[in-house]
Structure formats: structure tokens, C-alpha cells
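Subject: Structure handover

Hello,

The structure is below, with some notes on what was found in it. Please have it open while you read.

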Amino acid sequence: MKNLIVYFSKSGNNKFLAEKLASALGAPVEVLYPKGFNMLFFLMNLNFGIKPIQRKINDFDRVILVGPVMMGRLIPPLKSFVNKYMSDFKQIVFVTCCGSGDEVKMEKFGHGHVFNQLQTLLGDKLEFCEALPVGLTLSPEQKPTSDAIMKVRLDEANFSGAIAQRFDSLVARLK
Ligand SMILES: Cc1cc2nc3c(=O)[nH]c(=O)nc-3n(C[C@H](O)[C@H](O)[C@H](O)COP(=O)(O)O)c2cc1C
């Protein structure tokens, strides 16, 4: 199975995750460069698209799209990518390192809404979605307050325990 990893990351968590997946699967990585993405445009629902990626999508059996969830929505660079290359995808998997945990995935800002949005856009082309919530890096003594969650930056030191286990199951599923 030829995989291509494509990611967008604002503060580095999804970059870290995408690079980990790339080395676990021996797959190439592409970064999405949005045209004019910033928080204000995002909140105003403006989307100026993305720059073309280097590789040919239809050379790959599967694209693994990696990126954050913000405001409970599929963020513009990810949405632009899906729409732009829709006819080239064979199979697509979405993986997110997000703030919302499993228990709140269907609440207002939960990642479950983004999974549903992708299901609607991609239909049968969407193989599955997986979340690696940043709260999985916090120990039981550290309260998963929204402040603590927003501050988590994945690195080799905190990528252990529950988050590493979920990552390993994901890799096994993708192999
Ligand atoms: C402005 C902003 C809005 C966010 N909104 C959500 C949200 O609605 N749901 C969620 O699960 N996480 C949310 N998050 C948390 C991010 O998804 C999380 O911090 C993620 O790991 C950031 O990825 P990055 O470091 O690759 O940019 C938000 C983060 C920011 C900065």
C-alpha cells in the first residue's frame, strides 16, 4: 500500500504526528501551504485555497490527511485540499491531534463533527478517521482543563503512555 501523508499544523502538534506516521510507515510527507490563512479569515469563513502540492495524488493508494480541529470545524486548508484533489483520491484517512477528548467528541467543539463533515464530503473514499486528543499526554493528576489542553505541544518526552498506545494501534491499522 503506497501511502502519502499530507498535513497542516499551526503550532506543531500535527506536524509532529505527521512526521511520526511518516517514519512508522516509510511514507513521504507533504505540507499544506494555505493562501492567506489566519484566524480572522477563518472566523469570517473566508478561504483563499492552498498552493498545489508537489506529488501526484493518484500515484498513491491512500492519502493520510493530518491536521487540527478548530472551532469544531474542518479548517480551510484541509477543506481546500479535500475539494481540490477529490477526483484524485483512491482512499483517504483523516488523523487529528486535537483538543477535544473522546468523551466530548460530539459536543459543540468536538472532533466528531469534523469526522462527519469529512464523511459527507468524501463518502466511500473516506476509509476512517482517528483522533489523538492532546489530553492523552496528561497524567491523571494533571487536570485536563481547557487551558492545560491548549498548552500541550507534542514532543518525544510527552509522546508516551495513552497517546503512544493509540498511535501504535493506528499504525497497525494502516499497515
Ligand atoms: C484557535 C483554536 C481553536 C481550537 N478549537 C478547537 C476545537 O474546536 N476543537 C478541538 O478539539 N480542538 C481545538 N483546538 C485545539 C487544537 O486542535 C490542538 O491544540 C491541536 O493539537 C493544534 O494542532 P497544531 O499544533 O498542529 O496546530 C483549538 C486550538 C486553537 C488554537
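Which residues of H4 are buried? The model is a predicted one, and in it His-111, Val-114, Phe-115 and Leu-118 are the buried residues of this helix. They lie on the same side of H4, because the arc they cover around the axis is only 100°. The general rule is that an α-helix has 3.6 residues a turn, so residues three or four places apart point the same way.

What do the buried residues of H4 pack against? Their partners are strand E4 (91-96) and strand E5 (126-131).

The length of H4 (residues 111-122) also checks out: 12 residues at 1.5 Å each should span 16 Å, and the end C-alpha atoms are 17 Å apart, which agrees. After H4 comes Gly-123, with a positive phi near 55°.

On the core: the largest nonpolar core has 39 residues. The members that touch the most others are Ile-5, Val-6, Leu-17, Ile-64, Leu-65 and Val-66. At least two residues of this core come from each of strand E1 (3-7), helix H1 (13-25), strand E3 (62-66), helix H3 (76-85), E4, H4 and helix H6 (162-174). Leaving out residues up to four places away in sequence, Val-66 touches Ile-5, Tyr-7, Asn-14, Leu-17, Ala-18, Leu-21 and Val-95.

On the ligand: 19 residues surround it, and Ser-9, Asn-14, Gly-99, Ser-100 and Phe-109 are the closest. The shell is made up of 9 nonpolar, 9 polar and 1 charged residue.

Regards

Technical notes: Residues numbered from 1 in each chain as written. Predicted model: local features only at pLDDT ≥ 70, side-chain atom pairs only at ≥ 80, totals over all residues. Near = placed C-beta within 6 Å. Nonpolar A, V, L, I, M, F, W, Y, C, P; charged D, E, K, R; others polar. Helix = DSSP H or I, 4+ residues; strand = E, 2+ residues; numbered from the N terminus. Expected span 1.5 Å × (residues − 1). Buried ≥ 20, exposed ≤ 12 C-beta atoms within 10 Å, placed from the backbone. Arc of directions from axis to C-beta. Contact = placed C-beta atoms within 7 Å. Core = buried A, V, L, I, M, F, W, Y, C linked by C-beta atoms within 7 Å.
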